[in-house]
Amino acid sequence: MDMSINLFLYLFLSVFTFLLLRATAAAHLRRRKNRLPPGTLGLPFIGETLQLISAYKTENPEPFIDDRVSKYGNIFTTHVFGEPTVFSADPETNRFILQNEGRLFESSYPGSIQNLLGRHSLLLMRGTLHKRMHSLTMSFANSSILKDHLLADIDRLVRLNLDSWTGRVFLMEEAKKITFNLTVKQLMSFDPCEWTENLMKEYMLVIEGFFTIPLPVFSSTYRKAIQARRKVAEALGLVVRERRKEREGGERKNDMLEALFEGDGGVGGGGFSDEEIVDFMLALLVAGYDTTSTIMTLAVKFLTETPHALSHLKEEHVEIRLRKGEVESLRWEDYKSMPFTQCVVNETLRIANIISGVFRRAMTDINIKGYTIPKGWKVFASFRAVHLDHEHFKDARSFDPWRWQSNAGSASSPNVFTPFGGGPRHCPGYELARVELSVFLHHLVTRFSWVPAEPDKLVFFPTTRMLKRYPIIIQRRSLFDPCKE
Ligand code: HEM
C-alpha cells in the first residue's frame with residue numbers, strides 16, 4: 001500500500017475512533033451526569049493531553065493536578081492520550097484501585113509499550129500466570145537473596161564503576177551502567193563486558209520507543225525501537241539456547257534464568273518456551289534499570305542542593321567505612337546500620353516520583369466515593385499527587401529526609417506513601433532498589449566530592465530524567481590517605 005493511502009487510512013481511523021470514544025464519553029456524561037467524577041474532556045480529539053505534556057515537560061508539573069483538584073476535588077475526569085480518564089489524587093481511592101487489580105481493574109499500557117515489551121512480559125500478564133511469575137520474580141529479589149547473594153554483586157559492580165570515574169562524569173549515564181550491569185548479572189550471571197555494553201545501547205533505543213506513536217511509518221524513533229527490540233531478543237534468545245545446552249550437560253547457575261528453566265510452565269504448560277523467557281527477561285530489565293538509575297541520580301541532585309543533608313549522610317557512611325577499612329565490602333549488617341540513608345532513600349522516592357502513578361482500565365462499572373467509573377474507562381492512580389499533598393506531608397514540596405525520622409514521615413494513614421505501587425502488582429524490586437541506592441551512596445560519599453558541572457533541568461515527560469544527564473565534576477577523596485584529600 002502506498003504511503004498516502006496509509007496516511008489517509010490512519011487519519012480516517014483515528015478520527016473515527018476519536019469520535020466514537022468521544023460520543024461514548026459524552027453519552028456517559030449525559031446519562032451519569034451526577035455520578036461521574038467532575039471535570040472536563042477538554043478539546044476535541046486531544047482532550048487535555050497538551051496541557052498535561054507541557055506541564056510534565058517542566059520542573060514544576062504540579063499545577064496540572066493542583067488546578068483540577070482545587071476546581072473538582074481529589075477525583076476528577078479528564079481526557080488524555082486519546083481516552084477519557086479518571087484521575088485520582090486520593091490515597092484511599094488509589095489503594096482501592098491497586099488492591100482490586102484483576103478483579104475490578106486491569107493494568108493498561110499504551111500500544112507502543114505493549115508491542116515493545118512483548119506479550120509474555122510480567123507487566124502484561126494476567127490472572128494465575130501473573131501471580132505465579134510475580135512471586136517467582138519476588139523470590140529473586142527478596143531480603144534473603146539480597147543478603148546472601150546480591151549485596152556482594154552490588155557492592156562489587158558499584159565499586160568497579162566508580163573506579164573508572166575521572167574529571168567530568170554524566171551521573172545519569174554511570175548510574176544506568178551500574179543498574180544495567182547489575183540486572184544482567186542477576187538475570188543471567190554475566191559480568192560487564194563488550195556484549196553487555198552493546199546490549200545496553202540497543203536497550204536504550206527500545207525504551208526511547210515507549211512513548212512514541214506505535215506506527216513505524218510515522219515515527220523513526222519507533223522504527224529504531226522495533227529493530228533494537230529484535231536485536232535484544234535475538235541476543236537474549238542465544239543466551240537462553242546456550243544455557244539450555246549447558247543444563248543438559250548438568251551445569252547449573254544461581255540466577256533468574258535458572259529459576260525460569262525450573263519454573264513449572266508458561267502459557268502452554270510443560271516449561272517456559274524460549275520466547276516466553278526472553279519477553280520476561282526483557283521486561284525485567286526495563287522495569288529494574290531505568291527506574292533505579294534515575295533514583296540514584298536524583299538522590300545525588302537533591303543532596304547536592306541540600307548540603308546539611310549531604311553532610312549528615314556522609315557522617316553515617318564515613319563511620320561505617322572507618323570501621324571496615326578501605327577495601328572491605330559492605331555486608332548486610334552495614335546496610336542495616338544506615339538509618340539516615342533510609343530517610344534519604346524514602347525522601348528521594350517521595351519527592352522524585354519516578355513512577356508518578358499507574359494507569360488501569362475499569363473492567364466493570366465501579367462505584368467509589370459517590371461516583372461511578374464506567375466500564376472500559378481508564379483511571380490513573382496518581383502517587384505523585386498524594387506524595388506532594390500538604391495534607392499528607394508537612395511542607396510536602398521540599399526535600400526533608402529528617403521527616404522520616406519520626407512518625408514514618410507522614411501525617412496520616414499508611415496508604416499515602418506508595419512509590420512502589422501496591423496490591424498484586426506491587427514492585428517486586430522494591431528492596432533491591434533500596435539496597436542498590438544505599439550501596440551507591442555509600443561509595444559515592446566516602447570516595448568523592450563533587451559539584452554540578454553546569455545547570456541541568458529535571459523533567460517528567462516522557463519519563464522522569466535530567467535533561468543533560470546531570471554532569472558533575474568529581475574529586476577523588478580518601479579517608480585513609482589524607483594526601484589524596
Ligand atoms: C526506584 C526504583 C523502582 C521504582 C520507583 C519502581 C516502581 C514500580 C511501580 C510503581 C510498580 C507498579 C506498577 C503497576 O502497578 O502497574 C512496579 C512494578 C514492577 N517493578 Fe518496579 N520499581 C523500581 C525498581 C525495580 C527493580 C530494581 C526491579 C527489578 C526486579 C523492578 C521490577 C518491577 C516489575 C517486574 C514490575 C511489574 C510487576 C507486575 O506487573 O506484576 N522494579 N515498579
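Reader: Which residue is the bridge partner of Trp450 in E12?

Author: Ile474 in E12 is the bridge partner of Trp450. One caution: this is a predicted model, where local features need pLDDT of at least 70, side-chain atom pairs count only at pLDDT 80 or more, and totals for chains, interfaces and linings use all residues. Residues are numbered from 1 along each chain as its sequence is written.

Reader: What makes E9 and E12 a pair?

Author: Two strands pair if DSSP finds at least two bridges between them. E9 and E12 (residues 471–476) are joined by five bridges and run antiparallel, so they pair by that rule. Strands here are DSSP runs of E with at least two residues, helices are runs of H or I with at least four, and both are numbered from the N terminus.

Reader: Why are E4 and E9 called edge strands?

Author: The open sheet has the order E4-E12-E9, with antiparallel pairing. E4 (168–170) and E9 (448–452) each pair on one side only, and that makes them the edge strands. Direction ignored, neighbouring strands of this sheet are turned by 40° against each other on average. Helix H8 (residues 171–188) lies across E4 and E12, at about 60° to E4; axes are lines fitted to C-alpha atoms, for helices over the stretch in contact, and angles run from 0 to 180 degrees between N-to-C directions.

Reader: Why does Cys427 count as buried?

Author: Buried means 20 or more other C-beta atoms within 10 Å of the residue's own, exposed means 12 or fewer, partly exposed is in between, and C-beta atoms are placed from the backbone. Cys427 has 20 C-beta neighbours inside 10 Å, so it counts as buried. Cys427 is in the loop between helix H16 (383–387) and H17. Across the protein, buried residues make up 40% of the 485 residues.

Reader: What is Cys427 in contact with, beyond its neighbours within four places in sequence?

Author: Phe420 and Gly421, where contact means C-beta atoms, placed from the backbone, within 7 Å. Cys427 is also listed under "binding site" in UniProt, in an unreviewed entry; such annotations may be inferred rather than shown by experiment.

Reader: Which residues come nearest to the ligand?

Author: Of the 24 residues around the ligand, the nearest are Ala287, Gly288, Gly421, Cys427 and Gly429. A residue is near a molecule if its C-beta atom, placed from the backbone, lies within 6 Å of it. Helix H12 (274–305) is one of the elements giving two or more residues to that shell, and the largest share, six residues, comes from H12.

Definitions and conventions. Two residues are in contact if their C-beta atoms, placed from the backbone, lie within 7 Å.
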